[in-house]
Amino acid sequence: MFDNRYLANLIIPLLIETLFSVTIGMMDTIMVARVGEHAVSGVSLVDSVSNLFVFLFSAFATGGAVVASQYLGKKDQKNSCFAAKQLIYLSFFFSTAVSVIMLIFRTFTLDVIYGDIEASVMGSALDYFTPILISFPFLALLNSANAIFRAMGKSRITMIVSIIMNAINISGNAFFIYVCGMGTFGAGLASLISRIVACVFMLYKVTRKEETIHAENLLRFDISLGMIGRVLKIALPSGIENCIFHIGKILISSTIASFGTASIAANAVFSALSTFANIPGTAVGMAAVAVIGQCCGAREYKAATYYGWKLLILTYIMMGITCLIMYILTPELALLYNLSSEAYAMSVETIRLNMIQTAIFWPLAFTVPNFLRAAGDAKFTMIISIISMWAFRVMLSRILLGICWGMFIDWYCRDIFFIIRFMRGRWKSKTVV
C-alpha cells in the first residue's frame, strides 16, 4: 500500500519537524542560561508542568488523526473531514479551559508541586509560565491541524511550519532576552508569538477544500457526539496515559528539586539533550498513525503487520546512529548550558548512560505503542504504561534505585508487554471505524 518513496517522503519531513520542535524548548533553555542557573532551573520546572498539558493536547490530536486516517483507508472522505472538524472543536474548547484555569492558579500550582525552592528559581519559573499558559489554545489547535495533515501523508507542510516557528522563537529569544533584558518572560513570550503565527497559518491550510481531509466552515458549529466519541476512544486512553505519565515525572522532578539548584539544572540538560536521541522514534511513531491507521481502516491487517515491523527496524537503525553521535558529543553539548562544574559532571554522566539504554530499549517502549494506537488499541497501552510508570519509575526512583535506573526498568517492562501484544495480533480487532 505504501512504497519506500512514500515512506521516505512521510518520515524525512517528520524527522526534521521533530528536530525543530525539540529545538524550540532547547533554545529557550540555552538562551536563558546567560541570565543564570536559576533561569535554567525555572524554565525546566515549568516545562515539567506544561508538558503534562502539551502531551494531553497531543493525545487529542492523535485520536483525531487515527479516526481520520482509518476513514481515509475506507475511502470515506466525508467522515474523514467531519472527524477533523470535531477534533478542532475538541482541542480548542479543552485547551482554552485549561489555559484560563491554570493562569488563575499558576502560583499555587508551582508552590504545591515544588514547595520550598529558591526565590530566584520560583520568580524565573512564574515569569516563564504566564506566556506559556496563554499559548496553550494556539498550540492545541496547531497540534490538531498538524495531525490532520500527517494523516493524509502530507508531513512536508508541518515540517515547513516547524522551521518557521523555530526561526521566530530564536529571533524572539535574542530580542526579548538579550536586547530587552526580559529574562525568562522574554523566552516565554517568544514561544507564544511563534505558536500564534504557526497556528493561524495551519488553520488556514486545514480549512481549504483542496485538501483531502479538511475542516470547512468552522464557525458554523456542527458538533457530533458520536464522532467526538470515536475520537475520544483513542484520545482519552492516550490522554490519561500521558497525564499520569507526566504526573509521575513531575513527582520525580519535585524529588530532584529537593536536591538543590545544581541537580535541577543537570536534570534540565539531561531532559533537553536526551530528547534528541528520541527524535527518530518519535517521527516514526507519528508516521505510523497514517500508515498503520489507513491499513487498519481498509482491513489490511497483514499489510499493517508488515509495515509495523518495517518501521520498527528503521527506528532501531536511526536511533542507533543518533545515540552514538549524542554519546560522543555530550561533553561539548553540555557546555552550551553554562552550568556549574557539579551540574556539568552530573549531566554528562547521566546522558551517556541514557544513550546506551535508549538505543536498545526505547523503540519497543515508545514507538511500538503508537502502532497499537493507530489500530485503535489505545486502552491496552494506557493500562501497561500507567502500571509500569508508577510501579517502577516513580516508586523505585523514590525509595530504592537512582532516578535513571527507575526509568530504565520502566522501559524494560513496557518492552515485554508491547512487543508481545503486537506479535499476537490482538490489536487487529480494535479498529475504530
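Aromatic pairs number 20 in a search of the whole structure, which is a predicted model. A pair of aromatic rings is described by the distance of the centres and the angle of the planes. One of the pairs joins Phe2 and Tyr307: the ring centres lie 5.6 Å apart and the planes meet at 75°, so this pair is edge-to-face, a class that requires an angle over 60 degrees.

The two partners belong to separate parts of the chain. Phe2 is found in the segment before helix H1 (4-32), while Tyr307 is part of helix H12 (residues 301-334); the pair therefore ties together parts that are 305 residues apart in sequence. Phe2 has a relative accessibility of 8%, so it counts as buried, the limit being under 20%. Tyr307 is likewise buried, with a relative accessible area of 5%.

Aromatic residues also occur in a group: one aromatic cluster is formed by Phe53, Phe57, Phe60, Phe94 and Phe136.

Which residues lie over the faces of Tyr327 and Phe380? They are Arg352 for Tyr327 and Arg421 for Phe380, as the table sets out.

| Residue over the ring | Ring | Distance from the ring centre |
|---|---|---|
| Arg352 | Tyr327 | 4.6 Å |
| Arg421 | Phe380 | 4.1 Å |

Ser191 is located in helix H8 (residues 183-206). Is Ser191 buried or exposed? Its relative accessibility is 1%, and Ser191 therefore counts as buried. The side chain of Ser191 is joined to that of Asn169 by a polar contact of 3.1 Å.

Key
Residues are numbered from 1 along each chain as its sequence is written. This is a predicted model: local features need pLDDT of at least 70, side-chain atom pairs count only at pLDDT 80 or more; totals for chains, interfaces and linings use all residues. Side-chain values use heavy atoms; hydrogens and water are left out. Rings of Phe, Tyr and Trp (its six-membered ring) pair if their centres lie within 6.5 Å; planes under 30 degrees apart count as stacked, over 60 as edge-to-face and the rest as tilted. Helices (H or I, at least four residues) and strands (E, at least two) are DSSP runs, numbered from the N terminus. Buried means under 20% relative accessible area, exposed over 50%, partly exposed in between (1.4 Å probe, protein chains only). A charge sits over a ring if NZ of Lys or CZ of Arg is within 6 Å of the ring centre and within 35 degrees of the ring normal. A polar contact is a pair of N or O atoms within 3.5 Å; within protein, one must be able to donate a hydrogen and the other to accept it, and residues adjacent in sequence count only if both atoms are side-chain atoms.
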